[in-house]
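Please work through the exercises below with the sequence and the coordinates open beside you. Each task is followed by a solution that goes step by step.

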Amino acid sequence: MEILDNYTKVSNDIFLIMSCLSGAETKVFLWIYRQTIGYGKETDDISISQFSKYLGLSKMQVNRVIKSLKERELVEVKAQTLNGGKFTNIYKINFN
């Protein structure tokens, strides 16, 4: 087996959290983790289209899962207005 150098270090606590999540919730949670912590950032703007494209989930599923993760207080989501009036969401893993 070949070991690749392209990886994201994952805290052991993440595995405990994952045991309480559905498959779709795990996918979305780990994608947010990868896009933030994995790149050394606290937050990242991720479009629903990105989630859908890379995770193989419908946009409706993604929205439902993000709502669930917010309710469980595992992620924080803030709406942000970009230049030109477009909106995006900023995601952050909540370690509290």
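## Exercise 1: a backbone angle in a loop

Task: locate E73 in this predicted model, and decide whether E73 is buried or exposed.

Solution. Residue E73 belongs to the loop between α4 and β2. The relative accessibility of E73 is 55%, and since the cut-off for exposed is over 50%, E73 counts as exposed. Turning to the backbone, E73 has a positive phi of about 60° although the residue is not a glycine. As background, most residues other than glycine have a negative phi.

## Exercise 2: the surroundings of E25

Task: find where E25 is placed, which residues E25 is in contact with once neighbours within four places in sequence are left aside, and which side chain meets that of E25 in a salt bridge.

Solution. Begin with the position: E25 is in helix α2, and with a relative accessible area of 7% E25 is buried. Next, list the contacts, which, leaving aside neighbours within four places in sequence, are C20, V65, S68, L69 and R72. For V65, which is 40 residues apart from E25 along the chain, the C-alpha atoms of the pair are separated by 5.6 Å.

Then consider charge. Side chains of opposite charge can pair when their charged atoms come close. The side chains of E25 and R72 meet in a salt bridge, at 3.7 Å from N to O. Because E25 lies in helix α2 (residues 23–35) and R72 in the loop between α4 and β2 (75–81), the pair ties together parts that are 47 residues apart in sequence. R72 has a relative accessible area of 41% and is partly exposed, whereas E25 is buried.

## Exercise 3: the other salt bridges

Task: state how many salt bridges a search of the whole structure finds, then describe the pair of K41 and D44 and the pair of E42 and K92.

Solution. The search of the whole structure finds three salt bridges. In one of them K41 pairs with D44, and the closest N and O atoms are 2.9 Å apart. Here K41 is partly exposed, with a relative accessible area of 33%, while D44, with a relative accessible area of 11%, is buried.

In another, the side chains of E42 and K92 meet at 3.0 Å, N to O. E42 counts as exposed at 54% relative accessibility, and K92 counts as partly exposed at 24%.

## Exercise 4: two helix contacts

Task: for the contact of α2 with α4 and the contact of α3 with α4, work out how the axes are oriented and which residues meet.

Solution. Take α2 and α4 to begin with: the two helices pack at an angle of about 80°, with their axes 9 Å apart. That angle makes α2 roughly perpendicular to α4, because 65 to 115 degrees is the range for that description. From α2 the contact uses A24, E25, V28 and F29, and from α4 it uses V65, I66, S68 and L69. Sorted by type, the residues of this contact are six nonpolar, one polar and one charged.

For α3 (residues 48–55) and α4 (residues 59–71), the axes come within 9 Å and cross at roughly 110°. That makes α3 roughly perpendicular to α4 as well. The residues I48, S49, F51 and S52 in α3 meet K59, V62, N63 and I66 in α4, and the residues of this contact comprise four nonpolar, three polar and one charged.

## Exercise 5: the largest nonpolar core

Task: identify which members of the largest nonpolar core touch the most other members, and which element contributes the largest share of this core.

Solution. In soluble globular proteins, nonpolar side chains tend to be buried together. The largest nonpolar core has 20 residues, of which V28, F29, I32, F51, I66, L69 and Y91 touch the most other members. Elements giving two or more residues to this core are α2, α3, α4 and β3, and the largest share, five residues, comes from α2.

To follow one member in detail, take F51, which, leaving aside neighbours within four places in sequence, is in contact with V28, W31, I32, I46, G56, V62, I66 and Y91.

How values were computed
Residues are numbered from 1 along each chain as its sequence is written. This is a predicted model: local features need pLDDT of at least 70, side-chain atom pairs count only at pLDDT 80 or more; totals for chains, interfaces and linings use all residues. Side-chain values use heavy atoms; hydrogens and water are left out. Axes are lines fitted to C-alpha atoms, for helices over the stretch in contact, and angles run from 0 to 180 degrees between N-to-C directions. Helices (H or I, at least four residues) and strands (E, at least two) are DSSP runs, numbered from the N terminus. Angles under 35 degrees count as roughly parallel, over 145 as roughly antiparallel, 65 to 115 as roughly perpendicular and the rest as oblique. Contact means heavy atoms within 4.5 Å. Ala, Val, Leu, Ile, Met, Phe, Trp, Tyr, Cys and Pro count as nonpolar, Asp, Glu, Lys and Arg as charged, and the others, Gly among them, as polar. A salt bridge is a side-chain nitrogen of Lys or Arg within 4 Å of a carboxyl oxygen of Asp or Glu. Buried means under 20% relative accessible area, exposed over 50%, partly exposed in between (1.4 Å probe, protein chains only). A nonpolar core is a set of buried Ala, Val, Leu, Ile, Met, Phe, Trp, Tyr and Cys residues joined through side-chain atoms within 4.5 Å.
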